[in-house]
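Subject: Handover of a structure for your review

Dear colleague,

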Amino acid sequence: MSQADQVEQARQAGRRTHHFHGGLRLRHNKKISCQNPVVPPPLPELLVVPLLQHAGDFAEPSVSDGEKVLKGQVIGQCQPCAAIHSPVSGVVEAIEDRPMSHPSGQPGPCVVIRPDGQEQWVQLNPIKDWLEASPEILIAQIQDCGIAGLGGAVFPTHAKTRDGRERQIHTLILNGAECEPYISCDEMLMREQPDKIILGARVLRRALGAERVIIAIEDQMGAVQAALTRSAKLAECKSISVVKVTTIYPEGGERQLIQVLTGLEVPAGGRPSDLGMVCQNVATAAAVADAVVEGKPLIERYITVTGNGVSHPRNFLALIGTPVSHLVDASGGYSNDVARLVIGGPMMGYPVASDDTPVVKASNCLLALTQRDIVAPQPEMPCIRCGECARVCPATLLPQQLHLQIKTGLWDQAKEYGLSACIECGCCDYVCPSHIPLVEWFRYGKGEQRKRVLESEAAELARKRFEEREARLLRVKRERAEKMALRKQLLKDKAAQQDRIRDSIARAESRLKKAGEQPDDA
Amino acid sequence: MTRSFDTGGAPHLPPQTTVAAVMLQVLLALVPGVLAYTWFFGPGMLIQIILAVVFALLFEALMLRWRGWPLKPFINDYSAVVTAVLFALCIPPLAPWWISCIAMLFAIVFAKHLYGGLGQNVFNPAMVGYVVVLISFPQVMTAWLPPLALADYSPGLMDSLATIFTGQIPVAGGWDAATQATPLDTLKTGVDAGRMVPEIRSAPIFGDYGGLGWEWIANWFALGGIFLLYKRTINWHVPVAVIGSVVLLSLPFWLADPDSNPFPLQHIFSGALVLAAFFIATDPVSGCVSNRGRLIFGAGVGITTLIIRRWGGYPDGVAFAVLLMNMAAPLIDRYTRPRMYGE
C-alpha cells in the first residue's frame, strides 16, 4: 500500500477496531484506587522540582538560592524544551543534586522550594480568544506553560504539535487507554474533568490543524464514554468521537493504539505523522486547556497512589515536586509488609530506592507492592526457546533470538531482527518461564547499538579527516614542488639571461677591444 | 521519614510460569499414553521409564557438578526427566537395563551438556540417545513383544524386572519365541516381499487403522498433546504440519496403488509418529522459532519419516527425521523471520 493510500485509510480511523499482535490480558487492579474523588493532598513542607522533566536536556535554573518565587513562576528554562515552573509560592531553599525520579535512579539538579502557604500566583496570560488566535501563538503558549506528554514519555507537546502542523495531520488521537494494571489517573481525569479534556482537544486540534479528534478509551472504563460524549455534545463539537478499545496490554502504546484504530502499522523507523496522525495523552489535553484558556502552567497532575502496600489507595491532584512519601502519608501510610515502591505501572514502571523521590510531570502512578505481590526473585534459567515471548510481542519480534544475539554480540543480526523496534513493554519478560530480564537486555542492546553508531560515525569522521589531511598534505607537497620547479625554472631562466647578458657584454667588450686596437689614423 | 525499598526490575508482577512447570506439564500430558502403553504391553515400560529417569538424573548431576553449575535449579527443572521418559517410550519394554544407561549417557552428556546444557542443544537429546542405541544394538532394540492380547507369554512385574536385569526371558525358545515383528516391521518386510497391503494387514497384530494396541496408545498420546495445545505449552504448528504432511503425502500413493501402499491413518497410528508430532518434534530448543519455521520443520519431519519408512533401512524413521530436521532448524530460522511491526 502506498503512503497516500495508508493516509487515506488512516482517515477512517475508529470506524471499527482492529487487533495488534500478542499482548497480555492482565488483572486490572484499577477499581481499588477509583473509589474516592480526586483531592489535592495537604501542602507538603518542602517541594523538590527536578530540572530534568522532559525528554531532552536538563533545564537551566532561572532562580537562585534564597529567592522568593511565586506560584507558576518559571524556575527552569530549556530551549527547545519546555519550561519548568514553581508549583507554589515560597522561597528557593537550595538548588542541589537530589533523587529526581528518573529510571536511571541517578540524583540530579533539583530546585528545592519551601512553600509560604500564600498560594500567590504569578501574572497569568490566558488566551481568552483562542478560537481566533493563530496556531503559532497557541503553540508558543503551550511551550511557555511547560506542557509535556503526561502519558509517561514527557515529549514536549509544543514540539510534537509544531511537527504535526508541518506534516499535515488529519487526525488527533487522545490516548485514554491506560493499559497498565493499577494505574487509574487518566480514567479519573476523564470521569471528573471531561469538559476540560474536550476543551483541550479543541485547542490541540486547532493548533495542529487536524480535521478530527478520536478519544480512545478502554472498554472497561464504564461511565467515561458517556461523560466525554456529553461534554463533546455540550461543546457542540462534532469532530470529536469517543472510541472504546479492548483492554489488552499494551494497547495504550502509541503504535498499538494506532493499529487498533486504523488497522495500519506505523512504518518502522517512522512516526504516527507518517499516517497523518498525532497521539497525545488525555491528561496532556487537559493541561493544554489549562495553559491556553487559563494561562496556567503545568504544575500539578493526577497521580494514582495504589497497591497493597498503601492503606487507602486513591488518586491525588499532586503538585509537581511533592515527595512521594507525602502522598503515601496522605493515603493512610504504608501497610506493614510493603516491599517495593514503583513509579509507573507494574509492567514498565521503575523501582525507586527511597520514598523522598518527587512527583514529576511523567509520574502517573505510585505503586507500593508487598512481598506477596512480587514474589521472591526467581533464579534466571537458560532460554529454552519456548517462543512464548514471540507469541506475546506486540512488535512481532523474536525476543528469544534478540536476547541471544545481544548476549553473543551479533549486532548486525540484532539490527536485522528489529532490536530498535522493541517498545520495551515487558510482555516477554512477564511470560518468560526462564525469568530472563529480556527488556533489560534489550535496553542494554539498544544502548550498545547507539554507541556503535556513534563510534562508527566518529570513525567515519576520523577517516574522512585523515583522508582530507592526506589529500591536503599531498596537495601542499605538490604545490610546493610545483613552486620549487617554477622557481628553479625562473632561476635557470635568470641564469640563462645573465649568461646571455654576460655573453653580449663580452661580445660588446670584445668588439670595443677590437675597435680600440685599430689605429685611429687608419 | 524516608524509607528504602528493594529495587528489582520490571515487571513488578509475580512470574507466570517456570521452566519446571512447563516440563511438568509435558510429563503430565504423557501420563495417559504411558498408562495405555502399560495396559497393552505390560509393566516393562514403567521399569524402563524409572531406569531412564534415574540414569538421566545421575548424568545430569555429574555434568552439572563437573561444569560447576548449581545443582538444585537444574535438577529441579525436570528437563532431564522429560528426555528420559520420551526415550523410554521409544524402546522395547523388556530391553536390558544398560540400554538406558548408554542412551542417557549420550543424551545427557553428549547431546545436552557438551553442547552447553539446557537450552543449548542442537539435537533432541532423547532422540540422540535412542538413535545411538538403535544403531549400536539393533537386535536388542527390535525385540518387541506382541501386545498382551496376542501374546502367549505376558510378563508380570517381577518377570519383567528379571528379564530387564538378567537378559533372560523365561519362555521356551527364549527371545526368538517371545518376540514378534512390530506392525511397521511386518508391513515393511511384507511390501518388500511383494505382498499386498490388505493381505498383510489381515495379520492379527494390526488393528482398525494402525497396529493393534499401538493405535490406542497413539490416541492417548494425542489426547495429551491436545492438552498441551490447550495449555499453550506447545503451538499447533508442529503437530499439524507433521500429521498433515504425512496424510498429504501418503494419500496420493495410497489412492494410486492401495495394494502396495498403506493408507494414511495406518502411517499415523503406527510407530512413534503421534508421540513425535506432539512431544518430540515440538521440543522448542532444537526446533524452529517462528510459526512459519515450525510448519516447515514439522512438514520436514513428516516427509522424512515417510521416506525412511518407504525406502529406508528402518521400519520407523521418526527419530532420524527429527534429528535431520534439527540440523536444518537454524537454516529454516534464517529464512523465516516473521515480518516485524511496521516493516
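Two residues are in contact when heavy atoms of theirs lie within 4.5 Å of each other. By that rule, and setting aside residues up to four places away in sequence, Glu424(A) touches Met348(A), Val439(A), Arg443(A) and Lys446(A). Please note that the model is a predicted one.

Glu424(A) sits in the loop between α13 and α14 of chain A. With a relative accessibility of 18%, Glu424(A) counts as buried, the limit for that class being under 20%. One of its neighbours, Arg443(A), also meets it in a polar contact between the two side chains, at 2.8 Å.

The interface between the chains

On the side of chain A, 61 residues are in contact with 41 residues of chain B. About 4600 Å² is buried between the two chains, and 58% of this lies on carbon and sulfur atoms. Ile384(A), Arg385(A) and Tyr430(A) supply 15% of the area that chain A buries against chain B, more than any other three residues.

Polar interactions are also found across this interface. There are 18 residue pairs in polar contact between chain A and chain B, counting pairs with both residues at pLDDT 80 or more. The elements of chain A that give two or more residues to the side touching chain B are α7 (254-262), β14 (338-343), β15 (350-351), α10 (371-374), α11 (388-392), α12 (399-407), α13 (411-416) and α14 (427-431). The most comes from β14(A), with five residues. Sorted by class, that side of chain A has 33 nonpolar, 16 polar and twelve charged residues.

The rule for salt bridges finds three across the interface of chain A and chain B. In one salt bridge, the side chain of Asp6(B) meets that of Arg340(A), at 2.6 Å from N to O.

Salt bridges in the whole structure

Over all chains, the search finds 29 salt bridges. Among them is the pair Glu96(A) and Arg98(A), whose side chains meet at 2.8 Å, N to O. Glu96(A) is partly exposed at 33% relative accessibility, and Arg98(A) is partly exposed at 26%.

Helix α15 (residues 438-517) of chain A holds Lys451(A) and Glu448(A), which are separated by about one helical turn because they are three residues apart in it. These two residues form a salt bridge, with the closest N and O atoms 3.1 Å apart. Lys451(A) is partly exposed at 42% relative accessibility, whereas Glu448(A) counts as buried at 19%.

Asp499(A) and Arg502(A) form a salt bridge as well, their closest N and O atoms being 3.2 Å apart. They too are three residues apart in helix α15 of chain A, so about one helical turn separates them. Asp499(A) is partly exposed at 36% relative accessibility, while Arg502(A) is exposed, with a relative accessible area of 51%. Elsewhere, Glu8(A), Arg11(A) and Glu211(A) are joined into one network by salt bridges that share partners.

Helix α4 (residues 185-192) of chain A is largely enclosed by the rest of the structure, because six of its eight residues are buried. The buried ones are Cys185(A), Asp186(A), Glu187(A), Met188(A), Leu189(A) and Met190(A).

Within this group, Asp186(A) is buried yet has no salt bridge, and the nearest side chain of opposite charge, Arg301(A), is 4.8 Å away. Not counting residues up to four places away in sequence, Asp186(A) touches Asn175(A), Glu178(A), Asn281(A), Val282(A) and Ala283(A).

Backbone features

Tyr249(A) and Pro250(A) are joined by a cis peptide bond, with omega about -5 degrees. Pro250(A) is placed in the loop between β10 (240-245) and α7 of chain A. In chain B, the peptide bond from Ala10(B) to Pro11(B) is cis, with omega near -5 degrees, and Pro11(B) lies in the segment before α1 (19-41) of that chain.

Gln168(A), which is not a glycine, has a positive phi near 60 degrees. Its place is the loop between α3 (157-166) and β8 (171-176) of chain A, and Gln168(A) is exposed, with a relative accessible area of 67%. Arg385(A) likewise has a positive phi, about 55 degrees, although it is not a glycine. Arg385(A) lies in the loop between α10 and α11 of chain A and counts as buried at 15% relative accessibility.

Yours sincerely

Notes: Residues are numbered from 1 along each chain as its sequence is written. Chains are lettered from A and ligands numbered from 1 in the order in which they are written. This is a predicted model: local features need pLDDT of at least 70, side-chain atom pairs count only at pLDDT 80 or more; totals for chains, interfaces and linings use all residues. Side-chain values use heavy atoms; hydrogens and water are left out. Buried means under 20% relative accessible area, exposed over 50%, partly exposed in between (1.4 Å probe, protein chains only). Helices (H or I, at least four residues) and strands (E, at least two) are DSSP runs, numbered from the N terminus. Lys and Arg count as positive and Asp and Glu as negative; His and the chain ends are not counted. A salt bridge is a side-chain nitrogen of Lys or Arg within 4 Å of a carboxyl oxygen of Asp or Glu. Buried area is the accessible area (1.4 Å probe) that two parts lose on being put together, summed over both. A polar contact is a pair of N or O atoms within 3.5 Å; within protein, one must be able to donate a hydrogen and the other to accept it, and residues adjacent in sequence count only if both atoms are side-chain atoms. Ala, Val, Leu, Ile, Met, Phe, Trp, Tyr, Cys and Pro count as nonpolar, Asp, Glu, Lys and Arg as charged, and the others, Gly among them, as polar.
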